[in-house]
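This report describes a protein chain, beginning with a strand pair and moving on to a helix and its neighbours. Please keep the sequence and the model in view while reading.

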Amino acid sequence: MSEDEFSQVLAGVGPRLRVLRKSRGITLAQLGEQTGISLSTLSRLESGRREPTLKLLLPLAKAYGVPLDELIGAPATGDPRAHPRPFTRHGKTWIPLTRHLGGLHAYKQILPVAGADRRDERPEQSTHEGYEWLYVLSGRLRLALGEHELLLSAGEAAEFDTRTPHGFGNAADQPTEFLVLFGPQGERMHVRVRTTVK
């Protein structure tokens, strides 16, 4: 790798770190607590004002559960296989299905069975920039989208602007599994979901 190519790789680390952190829904403060890296250092790394070092990147790779070469955007080795490293957030299991940190992100998500007293609870909602597409593999997914509440079964899909408050819950007596694609760009699928009849 030439010196120019190496400089380009280093210049791309900051934006990749920001995309990865935001895709996981982690704040800089939470990441600092997890890695022991100061908030100001993390901020400067993401903005490109601090050169990434091995001492900083190793705990970040560990916190995100990704290989170091993926974190820095090392050139591909020719092996097209993704090596998923599942992680758990708020009791939900996420399995990354894409190798690169930029562009669209693909995940398989597994929601555990909710207690009988919580199965009909409205999921907590959040918002962020971009669009999200999902496809239910098994179980029943409760999608709270703005003021609406939808139930999706295996084989159904949905698409929405993520600036609309949204949240997911398991409405089945088994784990619910679904595929998720999200990102600010990309061609949208056109799909329908049915509204829950109450």
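How many bridges join strand E5 to E6? The model shown here is a predicted one. In it, strand E5 (residues 140-145) and strand E6 run antiparallel and are joined by six bridges.

**The chain as a whole**

The protein chain contains six helices and nine strands. Of its 198 residues, 38% count as buried. Among the contacts in the chain with a separation of 6 or more, 62% are between residues 24 or more positions apart.

Strands of a sheet pair through backbone hydrogen bonds, either parallel or antiparallel. E5 and E6 form a hairpin, with two residues between the strands. Gly146 lies in the turn and has a positive phi of about 65 degrees. Two of the bridge partners can be named: Leu145 is paired with His148 of E6, and Ala144 is paired with Glu149 of E6.

Is E6 mostly covered or mostly uncovered? Strand E6 (residues 148-153) is mostly covered, with five of its six residues buried.

**Helix H2 and its two partners**

Two packed helices are described by the angle between their axes and the distance between the axes.

| Helix pair | Angle between axes | Axis distance |
|---|---|---|
| H2 (residues 13-23) and H5 (residues 54-64) | about 30 degrees | 12 Å |
| H2 and H4 (residues 39-47) | roughly 115 degrees | within 6 Å |

H2 and H5 pack at an angle of about 30 degrees. An angle under 35 degrees counts as roughly parallel, and H2 and H5 are therefore roughly parallel to each other. Their crossing is left-handed. On the H2 side, the contact is made by Val13, Leu17, Leu20 and Arg21; on the H5 side, by Leu57, Leu60 and Tyr64. By class, the contact of H2 with H5 has six nonpolar residues, one charged residue and no polar ones.

The axes of H2 and H4 cross at roughly 115 degrees. Here Gly14, Pro15, Leu17, Arg18 and Arg21 of H2 meet Leu45, Glu46 and Ser47 of H4. The residues of the contact of H2 with H4 divide into three nonpolar, two polar and three charged.

The buried residues of H2 are Val13, Gly14, Arg16, Leu17, Leu20, Arg21 and Ser23. An α-helix has 3.6 residues a turn, so residues three or four places apart point the same way. H2 is followed by Gly25, which has a positive phi near 70 degrees.

**Arg21**

Is Arg21 buried or exposed? Arg21 lies in helix H2. Buried means under 20% relative accessible area, and the value for Arg21 is 9%, so Arg21 is buried. Which residues does Arg21 contact, leaving aside its neighbours within four places in sequence? They are Ile26, Thr27, Leu28, Leu31, Glu46 and Tyr64. Of these, Glu46 is part of the contact of H2 with H4, and Tyr64 is part of the contact of H2 with H5.

How values were computed
Residues numbered from 1 in each chain as written. Predicted model: local features only at pLDDT ≥ 70, side-chain atom pairs only at ≥ 80, totals over all residues. Heavy atoms only, no water. Axes fitted to C-alpha atoms, helices over the stretch in contact; angles between N-to-C directions. Helix = DSSP H or I, 4+ residues; strand = E, 2+ residues; numbered from the N terminus. Parallel < 35°, antiparallel > 145°, perpendicular 65-115°, else oblique. Left-handed = near helix turned anticlockwise from the far one by under 90°. Contact = heavy atoms within 4.5 Å. Nonpolar A, V, L, I, M, F, W, Y, C, P; charged D, E, K, R; others polar. Buried < 20%, exposed > 50% of the residue type's maximum accessible area, 1.4 Å probe, protein only. Pairing = 2+ DSSP bridges.
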